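Dear colleague,

I am passing on the structure below, together with my notes on its side-chain contacts and its surface. Please read the notes with the coordinates open beside them.

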Amino acid sequence: MATSSITKYFSVTGDEQVEKLAAAIEESYQESFQREPGPDINVTYLRTPEEVKQFMRKRKTAYD
């Protein structure tokens, strides 16, 4: 449950509803600690046209 996606005001009335909302928020927060990290990502920064050409040559030979 992404709280950043909530863009409207809403009203929660009654103790039971408040408790349910608080429990859902807490559960979502706790789930974020249990997620397995994704794979490491190698990033290559290409700054010059020659670096781009060299990178594309490697890519082409790897996928041909």
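Glu-16 counts as exposed because its relative accessibility is 55%, where buried means under 20% relative accessible area, exposed over 50% and partly exposed in between, with a 1.4 Å probe and protein chains only. This is a predicted model, in which local features need pLDDT of at least 70 and side-chain atom pairs count only at pLDDT 80 or more, while totals for chains, interfaces and linings use all residues. Residues are numbered from 1 along each chain as its sequence is written, and side-chain values use heavy atoms, with hydrogens and water left out.

Glu-16 forms a salt bridge with Lys-20, their closest N and O atoms lying 3.5 Å apart; the term requires a side-chain nitrogen of Lys or Arg within 4 Å of a carboxyl oxygen of Asp or Glu. Side chains of opposite charge can pair when their charged atoms come close. Both Lys-20 and Glu-16 belong to helix H1 (residues 15-34), where they are four residues apart, about one turn of the helix; helices here are DSSP runs (H or I, at least four residues), numbered from the N terminus. Lys-20, at 48% relative accessibility, counts as partly exposed.

A search of the whole structure finds two salt bridges, and one of them joins the side chains of Arg-57 and Glu-50 at 3.3 Å, N to O. Arg-57 is partly exposed, with a relative accessible area of 47%, and Glu-50 is likewise partly exposed, with 45%.

The structure also holds one aromatic pair. The ring centres of Tyr-29 and Phe-33 are 5.0 Å apart and their planes stand at 85°, so the pair is edge-to-face. Tyr-29 and Phe-33 both lie in helix H1, four residues apart, about one turn of the helix. Tyr-29 counts as partly exposed at 48% relative accessibility, whereas Phe-33 counts as exposed at 54%.

Finally, Leu-46, Val-52, Phe-55 and Met-56 make a nonpolar surface patch of about 310 Å². Patches are made of residues with over 30% relative accessible area and no salt bridge, like charges being joined within 9 Å and nonpolar side chains (Val, Leu, Ile, Met, Phe, Trp, Tyr) within 5 Å. Phe-55 is found in helix H2 (residues 49-63) and, at 35% relative accessibility, counts as partly exposed.

Best regards

Terms used
Areas by Shrake-Rupley, 256 points an atom, 1.4 Å probe, with all protein chains shown as cover. Helix = DSSP H or I, 4+ residues; strand = E, 2+ residues; numbered from the N terminus. Phe/Tyr/Trp six-rings, centres within 6.5 Å; stacked < 30°, edge-to-face > 60°.
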